[in-house]
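Dear colleague,

Please find below the structure that I am handing over to you. My notes on it follow.

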Amino acid sequence: MPAIGIDLGTTNSCVAVFRNGRVEIIANDLGNRVTPSYISFARGERQVGEAAKEDSTENYENTLYQIKRLIGRTYDDPSVQADMKLWGFTVINDDNKPKIPVVNSSKGDLFCPEQISAMILEEMKNTAEAFLGETVTDAVITVPAYFNDAQRKATSDAGVIAGLNVIGMINEPTAAAVAYGLDRQSENERNVLIFDLGGGTFDVTIVKITGHKFDVKATGGDTHLGGEDFDNTLLEYFVSEFKQKHGEDISENKRALNRLRVACEGAKRKLSSTTQAKVQLDALQDGYDFRSNISRAKFENLNYNFFERVFDTVKNTLSDSGLKKENIDDVVLVGGSTRIPKIREMLGKYFDNIELKRTINPDEAVAYGAAAYAFALGSDEDPALKGFVLEDVIPLSIGIRMYDGTMGFVIPRKTKIPTKLWETWHTSEDNQTTVSFKIYEGERTLAEENHFLGEFTISGIPPAPRKKGQGNVLLEINACGILHVKVIEKITKNSNEITIAGAKGRLSDSEIKRMVQEAVKFRKRDQELKQRSDARNALEDYAYTVKEGVDQKHLTRQQRESIMSKVTEILQWLDINMTELPERSEIEAKKRELERVVE
Ligand code: AMP
């Protein structure tokens with residue numbers, strides 16, 4: 001059974017497989033090699049990909065997108081709060097976890113980001129299964145290098161809900177480096193900087209590539225910076241222009257906002273090849289049309305701060321890697337937003353006009369690398385991947401809060417994964433019988449200023465003077481970058497351990513189990529709806545065939561009239577039941593009624 005590589009993108013997703021000595025990107029049933037990361041619900045039916053994206057301007061409340069911006073985040077996260085305002089769908093606060101109510105789903109479901117991402121993953125799994133003609137369960141899923149532990153764990157949970165066995169996770173820029181290295185086919189050592197600017201996230205990774213050995217030197221990024229931010233600045237610009245022109249505020253009109261956002265993205269893309277782009281929307285609000293123009297210079301000016309932020313990250317990552325810009329041999333562009341001319345110009349200038357490599361397809365490179373990695377994780381061998389070694393690093397330090405509130409760094413950033421480290425601990429008070437451990441990730445001196453991952457306690461410590469109660473703590477990061485912590489008390493050997501799942505905003509094992517069952521139910525519901533829709537089409541087809549054939553048959557007037565009256569009755573019944581599909585048995589019974597009359 002082959003293992004697949006899935007690039008689960010903010011905007012688009014892509015699936016690939018390594019077989020017969022090469023990576024194949026798998027096209028979806030529309031023949032497209034990338035699938036929009038969109039889900040929509042209408043009349044209890046679920047659409048994924050292109051069909052859902054097309055739905056987004058009309059069925060805006062029930063069309064979900066950019067879910068990667070929510071995954072692993074809490075509701076009160078400032079970025080969630082800012083994003084929500086510009087989305088057509090609603091996000092609600094469920095115990096500080098963002099959840100999405102879907103009005104048009106049959107029962108008014110409330111979904112968490114992991115479930116929505118699981119639906120996209122499931123679609124990619126189905127695409128691969130249709131192509132390979134066999135069941136696929138093993139998969140490598142990609143994540144931005146700068147995703148924190150909560151975001152990684154949530155993505156992995158989404159895989160489980162989708163019915164996948166997540167055999168590994170690979171950082172997106174590292175996957176792109178793999179694609180680049182395999183494509184180059186050279187044994188010479190090169191320092192390669194991967195510049196990955198996609199729809200929602202930005203990553204920079206510096207990798208030393210020697211043949212099929214990929215050694216990540218440093219990684220940096222921003223999990224909330226990408227093409228959608230550029231769309232949003234355009235959106236806000238046009239919202240204020242509309243207000244100025246017509247005195248109307250469209251910021252509360254979700255349908256208008258969605259239409260304008262789609263137009264903004266189109267204009268942005270156009271500006272990568274032309275210097276002017278038009279935005280034209282009929283009857284945007286209260287019958288007012290919107291007609292405007294934007295120049296490339298204005299677009300660049302509006303997004304200047306974002307572009308600067310991108311370059312600060314490039315500089316910091318370079319200095320982290322211990323290399324100078326002169327030591328970088330190749331700069332490889334990945335992600336749709338690297339098509340923006342200003343970004344290319346700034347990069348080219350910074351690296352003293354080094355040629356920017358565009359030899360790999362920016363939309364497919366990540367899935368490509370993931371598929372190669374998925375194969376390498378298995379037991380099969382292939383000369384095309386001979387000697388494949390991947391050494392990745394953690395982007396942020398992991399530590400424990402000390403008694404004085406400072407961060408006790410245990411695993412420093414840039415440590416190669418997988419890794420495990422033991423630390424000792426001791427009590428801080430006399431006769432202390434419990435000690436709690438608060439785990440954080442980040443680089444700040446005060447623990448509280450870092451990102452809180454989770455907390456747990458060990459109890460039953462035999463009373464003793466301070467510092468005499470002692471034990472060990474193990475912090476372990478697996479190949480997916482997910483953290484597991486274990487604490488042992490020295491005398492009693494009591495222990496406690498967690499895969500940081502108790503942290504705020506994360507799913508518990510029982511929640512995941514429930515969602516897996518729900519996903520199966522959804523799959524069943526989809527299948528059932530398909531059966532109903534097939535039955536409906538068969539009935540409609542049959543009714544029309546009878547209607548068209550009735551004149552060619554030798555029938556009495558009475559026979560003809562009774563057939564036609566039944567046909568009319570059936571077609572009317574189908575019309576009435578256009579939106580809510582009746583049960584399949586009911587539809588089939590109608591077909592039998594007509595068949596009896598015809599007979
Ligand atoms: P990705 O996440 O790599 O699929 O990148 C998707 C992002 O790339 C979206 O924000 C797109 O709007 C953006 N994008 C795609 N093509 C272009 C283009 N020609 N110019 C500017 N941005 C683009």
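Predicted model: local features only at pLDDT ≥ 70, side-chain atom pairs only at ≥ 80, totals over all residues.

Three salt bridges (a side-chain nitrogen of Lys or Arg within 4 Å of a carboxyl oxygen of Asp or Glu) are found across the interface of domain 1 and domain 2. Residues are numbered from 1 along each chain as its sequence is written, and side-chain values use heavy atoms, with hydrogens and water left out.

The domain bounds, which come from an automatic or database domain assignment, are 4-225 + 306-392 for domain 1, 227-304 for domain 2, 394-507 for domain 3 and 510-598 for domain 4. The C-alpha centres of domain 1 and domain 2 are 27 Å apart. Contact (heavy atoms within 4.5 Å) involves 30 residues of domain 1 and 23 residues of domain 2.

The size of an interface is often given as the accessible area lost when the parts come together. Between them, domain 1 and domain 2 bury about 2,400 Å² (accessible area lost, 1.4 Å probe, summed over both parts), with 53% of it on carbon and sulfur atoms. Leu86, Phe306 and Phe307 supply 27% of the area that domain 1 buries against domain 2, more than any other three residues.

Yours sincerely

Key. Buried area = accessible area lost by both parts, 1.4 Å probe.
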